[in-house]
Amino acid sequence: PQWFLTRKVPLRNPDGEIIGLIGVSRDITDRKRFEAELSRVIMHLQVQIERMPLGYLLTDHNFRYTRWNPTAERMFGFSEHEVIGKHPIDLVIPKYRHAEAAEAFEEMRSGKTESNTVKTNVTKDGREIICEWHNTPLFNPDGSFSGLLSIGHDISERRLLEEQLQQSQRIDAVGKLAGGIAHDFNNLLTIINGYSEMILRSTPENDPNQKRLVAIKEAGERSALLTSQLLSFSRKQVLEPKVVDLNEVIRNADSMLSRIIGEDIDMSHSLSDDLALVKVDPARFEQVLMNLVINSRDAMPLGGKLTIETKNVTIDSEYARLHTDARPGRYVVMTVSDTGHGIPEGDKRQVFEPYFTTKPSGKGTGLGLSVAYGNIKQSNGNIEVYSEPDVGTSFKVYLPAVSDTKYEVEMGNESTEMPPGNETILVVEDEEGVRGLICATLTELGYTIAGAGSGEEALSIVNEMETKPDLLLTDVVMPGMGGRQLSERILELIPDLPILFMSGYTDDAVVRHGILHDKVNFLQKPFAPTTIARKVRDVLDDRS
C-alpha cells in the first residue's frame, strides 16, 4: 500500500463563493514505513529492557531516576515506582561512598568518566552487593548534559567464587611446597631416628652418652611429628580408611577431649541418632577432632561453652554452585562450636594455612587447622568456618555418607618387639643412608638382604639371584624407574611376590588405591627399626 499526505482548501471566486476545491498530495509511503520500523525497534527495545538480565537505570540531568527495569528491582529490592525522581545517593550508594559518588557524578556531567567500574552498592534491606557498571553520559544536541544511562550487573556471587578459588589455589600451592619439604626431611629423619634407636639398644644405661642419645632420639621424634603434620596438610599422608559411625569415634575420644579442655569449659554433645556412616581413617579423624577442640579451647581463655554436633545433610546443586569445594550429595556434618572471641574477618581466609596463627608466641604452632584441613580433604570431605567477633566460631566438617557394613574402630597398641626372620629380602632405596639403615636392621634380625639403589639395579639383581627373594621392600619415588613400575616388572618374573612400599610422601596410584585391595602394604617415613621389623614380619606372615 501507498500512503499520501493531502492538503485541500476551497477555491473561491472574487465574490467569495466556493466554486471548487484545490488539493495537494505528497507520497509519504517511505516515511510511514520508517515510522513503522522505528515503532517496532522501540517496542523490541522496550521488551529487551524489560527482560534483559542486567539492571537498566536511566536518570535526568539532575541524576534523578526516570527508568528502572525489573532486573534492577531484583538487584536492589526497590520497585520502579519507589525510585522515580530519587537520586542514587539516597538509594543504592552506601554512606561511606557518598563523597566519592558525588564527585564521580560531576565528572559524568562533564563527560569525563570511566565507562566501566566495579563498585559496592547497598540494597533496600541493607545488604551490600558488588556491582559492575557500564555508565554512558547522555547529551542534548546543543551539548548540554541530559542524563545518565547505567547498565549494571550484580557480581557478588562471582567475586565470592573467585575468592574461594584463589584461596584453594593458594592452599594447594603451599601444600605442594610443604609436602616436598616433608619428603626430604623424612629421609633424613629416618636415618637419624633409626640409628639413634639402634645405638640406644646397645648402650648401657650407665653410659654417659645414654642421655645424649635419648635427647637426639626425642628431638628426631618431635621433628617426625612436624613432618607428619605437613604431610597431612598437603594431603599426601597415606590413610587407612574404615567405614565407621562418627558418633562412636567422638564418644571414644570423649575422655581425651575432657582432659584437653579443662574444667572451666562446658562441653556438650548433640549427636544424631540416625547418623549415616562415613569412610575415614579413625585415628586421623580423632586428630582432626582434637585440633578443632584445642582451637576452641584457646579461643575461650576465661571459659565458655563448646558443642559437638552431628547430623545428616544433603548438599544441593545451588549450595555447591556457591562453594567451589562442595559437591552435591548426602553428607554427614560434624560441627564444633564455641563461645570464644571469634576470628577476625581478615584472618578467616588464612586459618587453614600452615604456621598461620593469631596466638601469642609459644602458644601454638599454627599447624592444627592446616592438619585438619588436609585430613578432611584427603577423605573427600570439606571444612568451612563461620565466625563472629565476641560471639564465637563454628567449624563444620562435611564427610560423604556411605552405605556399608559398620566396622568397629580398632585402637591397637604399639609393640616394641623386633621379631626375627630368615627369609630373603630385596631392599630398593635410592637414598644410601636410608638403605644402609634398613639393611643393617634386617640383617641383625637374621634376614638375608640384597640391596639396590635403583629400580634398574634391582631387576639386574633379581635376574642373577639363585634364590629368589621372599619380599620386595621398595621406595615409591625414585629417579628413573619408580617403585610402582619396579613392582609390576618383578611380579612378571615372580608372581605373588609380597611387596612392601615405603615413602616420605607419594601421590602414586599404587599407594592411593592399593594392589587389588584397599589395604596396601605401606611404610610411612620416617620409621624406626622396630616399626620396619614388625611390618616386614607381618607382610611375610600374611603371604597365605
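**Figure 1. The hairpin formed by strands β5 and β6 in the predicted model.** Five residues lie between β5 and β6 in this hairpin. In the turn, G126 has a positive phi of about 90°. Strand β5 comprises residues 116-122, and strand β6 comprises residues 128-139.

**Figure 2. Antiparallel pairing of β5 with β6.** Seven bridges join the two strands, which pair in the antiparallel sense.

**Figure 3. Packing of helix α13 against helix α14.** Two packed helices are described by the angle between their axes and the distance between those axes. Here, α13 (residues 455-464) and α14 (residues 483-493) pack at an angle of about 10°, and their axes are 10 Å apart. Because angles under 35 degrees count as roughly parallel, α13 is described as roughly parallel to α14. The crossing of α13 past α14 is right-handed.

**Figure 4. Residues at the contact of α13 with α14.** Helix α13 contributes G455, A458, L459, V462 and N463. From α14, the contact is made by L486, R489, I490 and L493. These residues divide into six nonpolar, two polar and one charged.

**Figure 5. The setting of these views within the protein chain.** The secondary structure of the chain comes to 16 helices and 19 strands. Of its 544 residues, 44% count as buried. Among contacts in the chain with a separation of 6 or more, 65% are accounted for by residues 24 or more positions apart.

Note on methods
Residues are numbered from 1 along each chain as its sequence is written. This is a predicted model: local features need pLDDT of at least 70, side-chain atom pairs count only at pLDDT 80 or more; totals for chains, interfaces and linings use all residues. Side-chain values use heavy atoms; hydrogens and water are left out. Axes are lines fitted to C-alpha atoms, for helices over the stretch in contact, and angles run from 0 to 180 degrees between N-to-C directions. Helices (H or I, at least four residues) and strands (E, at least two) are DSSP runs, numbered from the N terminus. Angles under 35 degrees count as roughly parallel, over 145 as roughly antiparallel, 65 to 115 as roughly perpendicular and the rest as oblique. A crossing is left-handed if the near helix is turned anticlockwise from the far one by less than a right angle, and right-handed if clockwise. Contact means heavy atoms within 4.5 Å. Ala, Val, Leu, Ile, Met, Phe, Trp, Tyr, Cys and Pro count as nonpolar, Asp, Glu, Lys and Arg as charged, and the others, Gly among them, as polar. Two strands pair if DSSP finds at least two bridges between them. Buried means under 20% relative accessible area, exposed over 50%, partly exposed in between (1.4 Å probe, protein chains only).
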